[in-house]
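Let's take a walk through a protein model and look at a pocket, a core and some charged pairs.

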Amino acid sequence: MPFAPFSSLSVVPASIPSPPESSFQIGPLTIHYYALCIIAGIIAAVLLTNHRLSRRGAEKWVVIDIAIIAVPLGIIGARIFHVLTHPNFYFGPGRNTWNPFEYGSVWAIWEGGIAIFGALLGGAVGAWLGCKWTGIRFWTFADALAPGILLAQALGRFGNWFNHELFGLPTDVPWGLEIESTNPSFPPGLAEGTLFHPTFLYEVVWNGLGVLVLLWAGHRFRLQWGKLFALYLIWYSAGRIVWESIRIDPSEVLFGLRSNVWAAIIGVIVGIVIFIVQTRRHPGVEPSPYVRGREPEIADVESQDNSSDFVDVSEPPVTVEAN
């Protein structure tokens with residue numbers, strides 16, 4: 001995509017610098033900040049979801065049982081979706097498709113390249129399986145998770161900042177993002193020092209605000225039966241349509257729109273459909289976070305300190321009748 005020279009650091013009095021390093025070494029291991037951001041997001045989502053789910057009456061940390069299935073499938077789905085929507089990155093002459101020990105393979109998730117919409121699809125399958133295993137209602141879990149997903153996405157976007165990737169159009173706003181001209185993603189034809197819209201920061205702010213909106217709306221309107229998750233889909237996808245539209249990284253274009261814009265539009269539609277359908281099907285409140293018949297058994301503990309609580313379970317005395 002060709003660009004005319006737009007702005008430079010010598011003109012703009014302020015800007016956001018990109019981090020000097022995207023990784024660090026611990027012995028022979030290379031630790032990528034991108035991965036740490038993703039891990040931090042997952043941990044934050046698990047902690048927030050556990051708090052919300054336990055307040056609904058579920059056993060504490062049952063979220064772990066669901067997460068051990070949902071998280072791996074979510075990551076797999078995110079990578080597959082990214083690869084399928086960016087085929088020119090990984091397939092074709094001169095591309096390293098399968099060798100994970102060289103740059104640019106389909107396996108190298110640590111280099112960046114996951115798609116949240118793929119994560120939602122893969123994670124939904126994993127969450128459904130986890131809920132079937134634990135007895136938690138799927139929509140109860142989805143509602144408890146909704147603010148945590150946005151929080152995880154906000155933290156995960158910092159990984160794009162560390163990787164110097166997925167920035168937007170050239171700009172001269174004071175919060176423009178600095179990208180080195182040697183970066184492979186730097187558009188040809190632009191002057192060194194050109195600033196770009198920090199789309200990662202826009203999503204961080206939008207998602208962070210969304211966490212507050214979902215927490216407020218869920219409490220104020222008592223949104224259950226998947227309606228809070230539907231609101232999450234609408235909120236996130238609506239913002240993503242805007243941020244995705246100003247990004248300049250290569251992407252498959254379908255009918256004039258980037259593939260992720262189409263995915264975001266579908267996300268808004270799906271969210272609206274879920275909200276309408278669940279409102280009509282379930283006008284009341286959820287009776288329990290568990291599917292009927294799957295509630296955990298609570299054992300009654302007999303007290304030996306209070307004689308009034310003691311129950312004599314010994315055999316009755318034998319009565320000898322007189323002849």
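To follow the first stop you need some labels: Asp, Glu, Lys and Arg count as charged, Ala, Val, Leu, Ile, Met, Phe, Trp, Tyr, Cys and Pro as nonpolar, and the others, Gly among them, as polar. Keep in mind that this model is predicted.

With those labels, the lining of the second largest pocket splits into six nonpolar, five polar and six charged residues. The pocket's volume is about 530 Å³. Its lining has 17 residues, and Arg52, Arg55, Arg56, Gly218 and His219 sit closest to the centre. Helices H1, H5 and H7 each give two or more residues to this lining, with H7 giving the most, four.

Now for the greasy part. The largest nonpolar core holds 38 residues, and Phe141 is among those with the most contacts inside it. Setting aside neighbours within four places in sequence, Phe141 touches residues including Thr49, Leu53, Val63 and Ile136. A second, separate core has 10 residues, Phe167 and Phe200 among them.

Next, charges. Side chains of opposite charge can pair when their charged atoms come close. The structure has eight salt bridges, including these:

| Salt bridge | N to O distance |
|---|---|
| Glu286 and Arg56 | 2.6 Å |
| Glu244 and Arg247 | 3.3 Å |
| Arg258 and Asp249 | 3.1 Å |

Is Glu286 buried or exposed? Glu286 is buried, because its relative accessible area is 7%, while Arg56 is partly exposed at 26%. Glu244 and Arg247 are both buried, and so are Arg258 and Asp249.

How values were computed. Residues are numbered from 1 along each chain as its sequence is written. This is a predicted model: local features need pLDDT of at least 70, side-chain atom pairs count only at pLDDT 80 or more; totals for chains, interfaces and linings use all residues. Side-chain values use heavy atoms; hydrogens and water are left out. On a 1 Å grid over the protein atoms alone, a cavity is a set of points where a 1.4 Å probe fits but cannot get out, and a pocket is an open set with protein on both sides within 12 Å along at least five of seven lines; lining residues have an atom within 4 Å of a point. Grid points are joined across faces, edges and corners, and a volume is the space filled by probe spheres set on the points. A nonpolar core is a set of buried Ala, Val, Leu, Ile, Met, Phe, Trp, Tyr and Cys residues joined through side-chain atoms within 4.5 Å. Buried means under 20% relative accessible area, exposed over 50%, partly exposed in between (1.4 Å probe, protein chains only). Contact means heavy atoms within 4.5 Å. A salt bridge is a side-chain nitrogen of Lys or Arg within 4 Å of a carboxyl oxygen of Asp or Glu.
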